[in-house]
Each structure stands twice: as structure tokens, then as C-alpha cells.
Amino acid sequence: MAALCESFTLCGLGPSGGVGLGSGLLALEPGPDPDHVLLTDRGRTATLFKVSDQKPLGGWSVKHGQIITCPVVCNFETHEYIAVHDDKVLRIWKNKDINLDKVFKATLSADVYRIHSLPNGGPVVLFKGGGVRTLDVLLEAPQQEIENIISDEVIKWSEAFMEGQQPVLIFATEKDGDFFVYVQKLKMNSLHKYKLEQQELSKPLSFTAYIKNQIITLLCLYSNDSVYKVLIPLQQNTEEEEQILSKSLLLNLSVSGSVLKGTSLVVLDKDHIAVLGSLAASGEESKECLTIWNTKFQTLQTSKELPLGTSGQLWCYEEKFFFTHGKVLTVVMYKCETSSLAAAVGKLKDSQTPDVSSFVNWNTLGDEELVVSYQSQQSVALKSESKMTLRSKRNTVAKVQPDTLSVGQLLLNLKDASTTVFEDELRQLMSKAQIPDFQATIGCVITALMNRCKTNPKYYPRNFLLHIVQTRDLSYSLCPDLMAVALEKKDVHLLQICLQRFPDIPEEITYACLKVFLSISEAYLQRIDVNLESVICYIDIEFNNKEVKTEIVENGFNAELEQDIWDTKITKETHLTADGEFCPVGPQKAALLNAVLHSAYSETFLLPHLKNLPAQQAVLFLRYLYYLYVKCSEKINTTLPGIRSPTINQIMDWMCLLLDAHFTVMVMLPEAKKLLSNLHKFVRAQVRFYSELNKIEGSLRELQRLNHQKDSQTYSIEVLELI
């Protein structure tokens with residue numbers, strides 16, 4: 001039995017995807033931890049991701065003009081990363097390294113095709129000419145001559161295994177329509193060449209292999225929509241220079257008149273394979289799908305439609321599928337159990353089937369997929385066909401009582417309901433606390449609301465969405481469309497709440513929020529509702545055109561704070577601080593910017609977006625950060641009063657990040673000259689002040705020690721001279 005489980009988005013892949021993958025994904029490799037993967041784009045960048053958190057842990061890029069030409073891999077023995085750029089230049093670095101120009105570099109004598117890293121065998125380097133070296137041997141003499149084994153053949157695929165203590169490399173080549181397979185045992189320096197038996201009117205499209213009991217099982221996906229199996233024994237008793245490999249039909253990729261045009265395949269276990277491709281029935285438009293097949297009983301076990309399209313590449317690690325879907329990299333978890341006839345024909349009962357799959361990527365679900373995703377754990381064989389034709393059969397299905405409907409079925413039935421009925425039913429659904437996987441249900445509800453917003457531009461349930469976000473513990477990955485629609489509608493209050501509550505917002509979305517907040521006029525912001533909790537205790541605002549300074553007075557009482565802040569009529573856009581510095585924005589915009597300052601980010605992935613911020617907005621943002629910096633410095637504990645006020649570390653980090661992104665532009669802008677000068681003077685004064693404090697630090701510690709030694713019972717005055 002095999003089943004597809006929950007799915008989620010790992011990262012974006014568009015030109016502004018935020019992880020340097022705008023050129024497309026070259027490959028995905030396992031990282032140093034089972035929960036880590038290494039992504040290599042078709043350009044200059046490699047990125048390490050933690051899958052469970054859907055967050056990047058680090059990223060590295062080669063210089064402009066250089067191109068990474070084979071997938072970056074991890075050396076599992078040393079926890080180092082290995083890359084090859086421009087075919088011959090080898091780079092090796094560790095996690096702590098940032099600049100690849102300063103890491104180990106070696107120029108090789110031949111072009112590299114691929115590096116394979118084995119958990120117990122170290123990295124193995126395959127050259128385009130067919131030569132193979134372990135990394136240790138290659139580093140002893142990087143310029144050593146590499147033999148050319150395959151002459152005019154072109155390598156199409158390669159893989160490496162460990163058989164006991166022996167690294168084994170297998171690769172397939174093509175020349176004039178003929179395909180060859182090479183098997184090399186590195187320690188024995190043994191190389192065998194085979195010719196793949198030809199298949200009339202078809203050719204191999206994809207390969208995968210596994211090794212067991214000294215036998216390599218090579219699976220070949222052919223263009224005639226079939227998978228063939230080839231057995232290659234490692235123990236060879238013959239000295240034939242080239243042997244013909246016979247193949248046997250393993251699986252026909254067809255079911256009930258529908259044929260799967262596969263593009264790539266992976267092995268899951270001895271009885272199951274996964275194939276990515278386009279499923280087409282006669283007279284119908286083809287649909288890209290991820291499918292799992294039972295090779296033992298020749299059945300389609302389950303499938304998932306991918307309406308946004310894929311690149312045709314499929315990777316599989318730690319019981320997770322990875323593939324591109326539209327402009328995102330999607331992760332789909334799966335489970336495989338012992339194959340049985342009951343499971344193969346969909347008759348195996350599963351008493352633990354959940355109603356909702358947790359962490360579902362609701363952003364990619366179509367109408368019929370809302371139902372399929374909830375039922376993916378139920379009987380999984382051959383029912384995929386009925387799932388894919390659900391749209392045409394929807395109107396013929398008898399009505400079911402609401403209490404017995406699954407969440408997906410209920411949402412599907414509400415698709416054409418009126419707005420009032422639609423929202424009332426969703427509120428009732430959310431009130432049922434006993435629903436299994438309640439968080440995923442909320443994510444599905446928000447997706448249903450977003451889908452209606454997209455189909456009906458005039459519909460936008462702002463208050464309903466605010467209520468959900470404020471009362472539920474959600475995350476960006478659970479409802480990725482929510483902030484995108486809020487940005488489109490310029491709903492700054494909802495964006496503010498999301499920034500405050502979502503722990504996993506991508507840097508691209510954080511930047512988009514910042515840009516919207518800075519671009520909206522103060523006059524517009526005065527007319528809308530914004531949470532001012534983070535600013536009311538340190539920004540000076542005016543009541544009825546009368547200037548008032550609202551500041552917390554320690555050990556005292558400030559009656560002005562008792563006035564109703566929500567009835568404030570703000571008439572100016574700048575507000576004076578204690579030392580004469582003006583706040584460059586009004587309190588509404590300041591509160592929105594504070595929400596951005598509080599959001600989590602990775603400097604590596606936010607910096608490229610900040611460079612696109614218009615110069616005038618960058619100057620305005622820097623002026624506000626400088627204002628906050630001065631405000632913090634007025635306090636002894638360098639802490640701003642109020643709820644969710646920015647910390648001094650957040651302010652300094654954003655100032656540094658903004659200056660890194662725009663320093664050259666700001667130096668050239670006349671309006672930024674005075675700001676940079678004031679910032680420089682203030683920081684220099686701060687450095688001098690703390691330098692003077694450091695000079696008397698020893699004396700202050702000695703004074704503290706003396707005070708601890710004395711325990712005066714009577715009042716006294718002592719004069720201590722600091723020398």
C-alpha cells in the first residue's frame with residue numbers, strides 16, 4: 001500500500017523568489033542532516049534549506065560571470081560543501097564561510113559531469129569523459145591527467161552506491177541513438193561497459209537504479225510509456241569488452257484508457273515506484289500528475305494532479321517527494337507499506353484515516369483537489385481515475401447531509417453559494433473544535449475565501465479575515481495566498497497583524513509589505529484602522545492641533561497618556577523628539593514599519609530585495625530608523641516603551657542592512673547627505689561615550705566589591721577618588 005500524504009511549499013522559484021532560484025532549479029541533494037536539502041540553481045547560487053521549517057539556513061554564490069555547472073553536494077564525513085563552477089573549478093567550504101572567493105579552490109584538468117557524495121564512502125567525481133576519481137585522490141594532484149573513456153558518447157545519467165565497503169558508480173551514455181551503461185568499482189579499479197538492448201521506435205527518457213545482493217537493478221522509463229527493468233551483476237566472470245544488456249517489461253503506465261507520459265521516475269521500495277508526467281485520456285487535455293505505481297500487481301496506487309505544471313524533475317529523500325509546481329518547490333510526503341493484493345485494488349481498510357491532512361499546501365489545490373486531499377489516506381488504488389473525473393460527475397452525486405460531509409466536500413458544495421451563506425457555513429465549520437487537524441481546516445477555510453476573492457474582485461471579507469488571524473494560531477505556510485491578496489488590496493491592518501503573528505513569512509513578502517507601507521500616503525493612513533500599541537508611548541502626536549509630548553515618566557504619572565488615543569486628530573506628518581529631531585512619519589505608518597522590524601528574516605535572502613527599494617523610500621525608512629535609534633539612546637536601558645516596540649538590536653540590524661543595500665545611492669543623493677552626516681556624528685559620539693565608560697569599568701567594579709565588604713548600620717557619606 002502506498003499513499004500521498006500532506007504537502008507544503010518549501011520555497012519560491014520565480015525571478016523574485018527570494019532564494020536565488022530565479023534561473024530555475026538544477027538539482028536537489030541531501031544536506032548534512034536528514035531534515036536538510038541542498039538546492040542548486042541554474043546559475044550562481046546554492047542554498048541549504050531546513051525542510052520541516054521551510055526556511056533557508058544558508059546560501060552561497062559564485063561571482064558574476066561564473067556558473068555552477070554541477071549540483072552542489074555535502075561531504076557527509078567532513079560536513080563540507082563541494083561545488084564545481086565553469087566545469088573545471090572546484091570549491092570546498094564550510095557552513096561558517098560566506099565569501100566563496102576566499103574558500104579552497106582547485107582547477108582541474110578535465111570537465112566535471114557530476115559529484116556523488118556517499119555517506120560512508122566520501123565524494124566521488126565523474127568527469128565528462130567517463131573518468132572517475134575519489135575526492136581525496138583528486139585533491140592530491142588536481143592537475144592529474146584524467147582518462148577519456150567514452151570518446152564521442154554523452155553522459156545522460158549517473159548514480160553512486162555503497163556495496164559493503166565498496167563505492168560503485170553507474171552511468172548511462174548515448175551515441176547516435178545507442179545507449180551504453182558503465183559500471184565502475186572504485187577500490188578494485190574495475191570498469192565494465194554494456195550496451196542497452198534497443199527498443200523499436202522508442203528510447204530511454206529517465207533512469208534510476210538500486211543495488212542489492214551484488215546486483216544492480218536499473219529501471220528505464222521509455223518514450224513508449226513503459227518502464228523496463230535491467231539486471232546487472234557486479235561479479236563478472238567474462239572479459240568481454242562490451243556486453244548486451246537484455247531488459248524485461250516491468251510496468252505499462254496506463255490505466256482505464258488513460259496513458260501517463262512520464263518524464264522522470266524514482267524507486268520507493270521493492271514493489272513501488274513514483275513517476276512524474278502527464279496523464280492523458282483519449283479526447284481529453286493532458287494533466288500533469290505525480291503518481292505511485294505498484295509494480296508487483298501492476299496497478300496505479302495513487303496520484304496527485306499538478307495543475308500549475310512542473311519542470312519534469314522529481315527527487316525523493318526521507319519519504320518526501322520534491323518537485324517544482326508552477327513557481328514554487330513543493331514537498332509531498334508519502335508512505336509505503338508492505339504490498340498486498342487488498343491494498344493494490346483499494347480494498348484495504350484503514351481505521352486511522354484522518355479527515356484533513358495537516359500542513360497541506362492549500363495554495364496549489366484546485367476545486368476537486370480540495371476533496372481529494374482530505375481523502376488521500378483512504379482507499380488509494382485505481383480511485384485516482386475517479387478523482388480526476390470528479391468535475392464531470394459532481395452534478396450527478398446525490399446530496400449528502402451536512403453533518404456527514406468532509407471539510408473538502410463541504411467547501412466544494414459552497415463554491416457557488418451566496419456570500420452570506422458561504423461565510424455563515426465557514427463560521428459554523430470553524431466553531432467545531434472537535435474537528436481533527438483543526439489548523440489545517442482553518443488553512444482550507446482561508447484558501448476558500450481567497451479563491452472567492454480571486455473569482456470575484458469585488459468580494460473581500462476583511463473583518464472575517466481579521467477575526468481569523470487574530471484568534472487562531474496560523475502561519476504563512478498554512479495560508480500563503482492570504483498576504484498576497486492583502487497586498488493586492490492594500491489592507492495594511494491585516495498585513496500588520498500577519499507580520500506580528502506569522503513566524504515563517506518569506507523575505508520576499510516582508511519586502512513587499514515594507515514597500516507598500518512606505519508608499520501609502522499619510523492622509524490615506526489617517527482614515528484607516530491601524531494598531532498603534534507599538535508607538536503611542538514614544539511618538540509625539542497632536543490632539544486638536546495642540547502639541548503634546550507622550551512619554552512614559554518613570555516613578556511618576558503622565559496624565560496626557562490617559563487621553564483617548566483613538567480620538568486623536570493628527571494634523572502634522574512630522575513629530576519632534578526631545579533633542580529636536582523630527583519623526584519623519586506619522587504614528588500609523590510608524591506602527592506598520594514597526595511590524596516589519598519585528599518580522600524574522602535572513603539577511604542573505606532579504607538583501608537582494610532591499611536593493612530594489614526605490615531610493616526615496618529607502619531614505620525615508622533610514623530617517624525613521626535613525627529617529628528610533630536616537631529615541632532608544634535617550635533611555636538608560638536603551639529600550640523603547642510600549643507594546644511590541646522595536647528593540648535596539650532590531651533597529652541597528654535594519655539600519656546596517658539598509659545601508660548595505662543602498663549606501664552608494666545614498667551617498668549620491670543630496671537629501672540623504674545631512675542624514676548620513678548626522679548618523680555618523682551620533683554613532684561616533686556613542687562610540688566615544690562607551691569608550692569612556694570602558695575606561696572606568698575597572699574602578700566601578702572595585703567600588704562594587706568594596707561596598708559588598710562593608711555593611712554600615714549607620715548613615716554615612718564617603719568620598720572615593722577615581723584615579
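**Aromatic pairs and a helix**

Reply: Tyr81 is buried, with a relative accessible area of 0%, where buried means under 20%, exposed over 50% and partly exposed in between, using a 1.4 Å probe and protein chains only. This is a predicted model, in which local features need pLDDT of at least 70 and side-chain atom pairs count only at pLDDT 80 or more, while totals for chains, interfaces and linings use all residues. Residues are numbered from 1 along each chain as its sequence is written, and side-chain values use heavy atoms, with hydrogens and water left out.

Me: How are the rings of Trp60 and Tyr81 placed?

Reply: The count comes to 14 aromatic pairs, a pair being rings of Phe, Tyr or Trp (its six-membered ring) with centres within 6.5 Å, stacked if the planes are under 30 degrees apart, edge-to-face if over 60 and tilted for the rest. Trp60 and Tyr81 have ring centres 5.0 Å apart and planes at 35°, so this pair is tilted.

Me: And which aromatic cluster is Trp60 in?

Reply: Trp60 forms one aromatic cluster with Tyr81 and Trp93, and Trp60 is itself buried, at a relative accessible area of 4%.

Me: Switching topic, how many residues of H14 are buried?

Reply: For H14, 11 of the 12 residues are buried, so the helix is largely enclosed by the rest of the structure; among them are Pro587, Lys589 and Leu597.

Notes:
Helices (H or I, at least four residues) and strands (E, at least two) are DSSP runs, numbered from the N terminus.
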